[in-house]
Amino acid sequence: MLDRLLIQTTLWLLWLVRQVISRDRRAYMLLSAEALQSVLVRIGRLRAHAVYLKAQDRCPAYREFLQREGYNNGRRWRLAGLPIMTKENYVKRYSIEARCYDGRLPAAGVVIDESSGSSGVPNNWVRSVEERADVKRILQLNYQLIYRDSGCILLNCFALGPWATGMNVSMSLVDVGILKSIGPDQKKLENTLELFGPDYRYLVFGYPPFIKSFVDSTRLDLKRYRMDLIVGGEGISEPLRTYLLQFFQTVISSYGASDLEINIAVETELTINLRRLCLKDRALAQKLFGREAVPMIFQYNALDYTIETTDGGELVFTIGRQTSAAPKLRYNLHDVGGTMTYKQLVVQLAANGIEIAALAKRQSHFPLLFVYGRSDLTVPFYGAKVYPTDIEEIINAHPALVKQVNSFQIASYEDAQINRRLKIRLETVKDLSAGLPSVEELRDIFFDGLCRYNQDFREVTKMFDRSCVEIEVYEYETGPFRERDIRVKNRYIGSS
């Protein structure tokens, strides 16, 4: 009891300090000082402990979850000792109310947003008024720190309605600029830019493929406009960033998830230049990240988020906020990646003859988060996630395909013109008695089927046409289906 009182008192005092700091961008920058990073980590873990104590007392789902997972606190609490939450073992097992504190939705100020799951049944996420205010404050500070301009016209092209990113961006930034919520509509974006003209500075928000499609198709001379771009929903490749920088002064990606919250981490000048350096020097990427593949790289505030990595290389997130509607303790998104401190990066770069000061003029000392993408069976496409179960539904619901298709693979990639494509490979059954429909017919079957079974895909189809979906057909055990090991599950996610 004494430990709990001490934790709560300490956190209350820290909360007062943070309220003062978070209202001024210059004061907030003090948090990124190198000398404070180890302190922020310790406070972040203290906050996580407080969330655990509250969840254990007041969250019915979390209490039962701990019991079901056989958790025994023992004498010494350790964050790493808590069971890991996932969508499968926690979110889908308990009701929305049971996952909230006191087993009910907060009485007022609540916003509910959603994202569709592999079953096609939407997952709903409850945001309290306090956590929305916290996210809003941090978003506004990041905006002011990066752009230092309160006169921007903010054009929100993320999907609107119940979807987390678009809704939260609009609610958070309406106070710091001139906001227009457009949604993923290229014609409306073009009309807005034409209406207000090139005399304003614009900050555009959107999914990378949508923005690429817009700059390729618009009749406007975008080089007359002063625009910056923030992308999210999926990763952005460096070739696409380079391409978009012909039209935008800056292109920055933000990392978040509907399961947790938006803007958990953000790209900085340091992380963008580090990623580009690693793309030129794959040996450096191997030394820094343990593989030659180059991840997305961000920086995050350890005061708000404690991020761990499992033995399998998946990221586990804890949000250290007691005012959330529902606790998020050691939540696994199944994103593959890791973290490193700024000091660790300095040492590793120096060991390879690289001065970190050469990578960016202005540097934050916040820790780094690197992300390779989802380890589970999903493929990102224009901000939606395409699931193998979506493809299975389409095949199994079609009277001909269910008899003609043995297996499949899906992949999302950028073609030579840096356009995003969704490729579906089909493997026919061993003894195919009748021919499959034509490639054009198959494309229509799968496009219409994805619109039917995947609500996020249906929403983002405003951004592209059917030609972005490609179909390849292979005979049994040929091409990418050759030499399949029958002892393991089918590989549904393919390379481009």
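A: **The cysteines and their setting**

Cysteine 152 counts as buried, with a relative accessibility of 1%. Keep in mind as you read on that this is a predicted model. Cysteine 59 is buried too; its relative accessible area is 0%.

What about disulfides? A disulfide is a covalent bond between the sulfur atoms of two cysteines. With sulfur atoms required to lie within 2.5 Å of each other, the count here is 0 disulfides. Cysteine 59 shows how this works out: its nearest cysteine sulfur belongs to cysteine 100 and is 7.6 Å away, so with a cut-off of 2.5 Å cysteine 59 is in no disulfide.

Now for the surroundings. Of the protein's 496 residues, 53% count as buried. The fold is built with 18 helices and 18 strands. Among contacts with a separation of 6 or more, 69% are between residues 24 or more positions apart.

Finally, a word on confidence. The mean pLDDT of the protein is 85, and 85% of its residues reach 70 or more. Strand β11 (residues 314-319) has the highest mean among the elements, 97, while helix α1 (residues 2-21) has the lowest, 57. Over residues 485-489 the pLDDT falls below 50, and beyond near neighbours in sequence this stretch has 0 contacts in the model. Where pLDDT is low, the predicted coordinates should not be read in detail.

Terms used: Residues numbered from 1 in each chain as written. Predicted model: local features only at pLDDT ≥ 70, side-chain atom pairs only at ≥ 80, totals over all residues. Heavy atoms only, no water. Helix = DSSP H or I, 4+ residues; strand = E, 2+ residues; numbered from the N terminus. Buried < 20%, exposed > 50% of the residue type's maximum accessible area, 1.4 Å probe, protein only. Contact = heavy atoms within 4.5 Å. pLDDT = per-residue confidence, 0-100.
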